[in-house]
Amino acid sequence: MIALLLEDDQVLAETIQEALEENGFECQIALTSHAVLEATFKTKFDLYLFDINVPGIVGTKLLDELRSSGDTTPAIFITSKSDEASVLKGYQSGGDDYIRKPFTIAEMIARIKALMRRAYRSKENCVTISDSISFDMSSNELRIDGALYRLPKQEGKLLSFFCKNRGRIVSKDEIIESVWEDRFPSDTVIRVHINNIKKVIGSQWITNIKGVGYRFESV
C-alpha cells in the first residue's frame, strides 16, 4: 500500500514516513499542497495523511478539491487545532479521521489500521453497476454521477441480492427467501420494489424473464 503524507515539518515527516514503512506502507512525502496535486496526478494512493496548516492550499480545502474530482482515497488529517469547528470542517471536506498534535506513533498507526480495515470492507461491499453508478451493499447507498442516493431498506436488500447474483436468472421464490425471509409478498409487491429500483438506476439493468424470474446485469 502507498501512502501520501502532506507535512511541511521535514523532521516530523521523515519520522512518520519511517513508522509507516516499518508497518508495511510505502510512503511519499509532500511538503506543499502543490506537491500533493502533482503526486496524485502520477500515482494512485491507498491513504492520505494531510496536515491542515501547510503552505499553499490548506489541507481541508485540498482534500475537498480531490473529493470533488472523484478521489475517494481514505484520508486522515493531522492537526494542532482541537476546536469543534475545525474538526467538523475536516469531516465536511471528506476526511475519514483526524489526529491531534502532539500524538504518538502508536496512536497514529492504530488509527491508520482501523481506517484501512473499514475502507477495505467498504470496497468489498461496493458494486459497480455502470461507469456512473456504484452501490454500497453495506449502507444501501447508490452513487450516481457523484451524487449519493440511499435506497429504502427493503429495496437495498433486493438490489444487494441482485448484485450478488448478477448475470444469472433468479426466481421469485429465491427472491422471497433471500430478501423477505419471513413474509410472502405478492407478485405485485415484488414488481413495485423492482420498478422503484429501476427508476433510480435505469430499467436496462434488471430484465423480467417472463414466467421464470429476473436477471440483473452490470458492466
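## A salt-bridge network

Glu7, Asp51 and Lys101 are tied together in a network of salt bridges. A salt bridge here is a side-chain nitrogen of Lys or Arg within 4 Å of a carboxyl oxygen of Asp or Glu. By that rule, the count comes to ten.

This is a predicted model, where local features need pLDDT of at least 70 and side-chain atom pairs count only at pLDDT 80 or more, while totals for chains, interfaces and linings use all residues. Residues are numbered from 1 along each chain as its sequence is written, and side-chain values use heavy atoms, with hydrogens and water left out.

## Pairs within a helix

Helices are DSSP runs (H or I, at least four residues), numbered from the N terminus. In helix H3 (residues 59–68), Glu65 and Lys61 sit four residues apart, about one helical turn. They form a salt bridge, with the closest N and O atoms 3.4 Å apart.

Helix H5 (residues 105–124) has Arg111 and Glu107, also four residues apart and separated by about one helical turn. Their salt bridge is 3.2 Å, N to O.

## Arg150 and Glu141

Another salt bridge joins Arg150 to Glu141, with 2.9 Å between the closest N and O atoms. Relative accessible area sorts residues into buried (under 20%), exposed (over 50%) and partly exposed (in between), using a 1.4 Å probe and protein chains only. Arg150 is exposed at 55%, and Glu141 is partly exposed at 24%.

## A lysine without a partner

Lys198, in helix H8 (residues 187–201), is buried yet has no salt bridge. The nearest side chain of opposite charge (Lys and Arg count as positive, Asp and Glu as negative; His and the chain ends are not counted) is Glu217, 13 Å away.

Terms used:
Helices (H or I, at least four residues) and strands (E, at least two) are DSSP runs, numbered from the N terminus.
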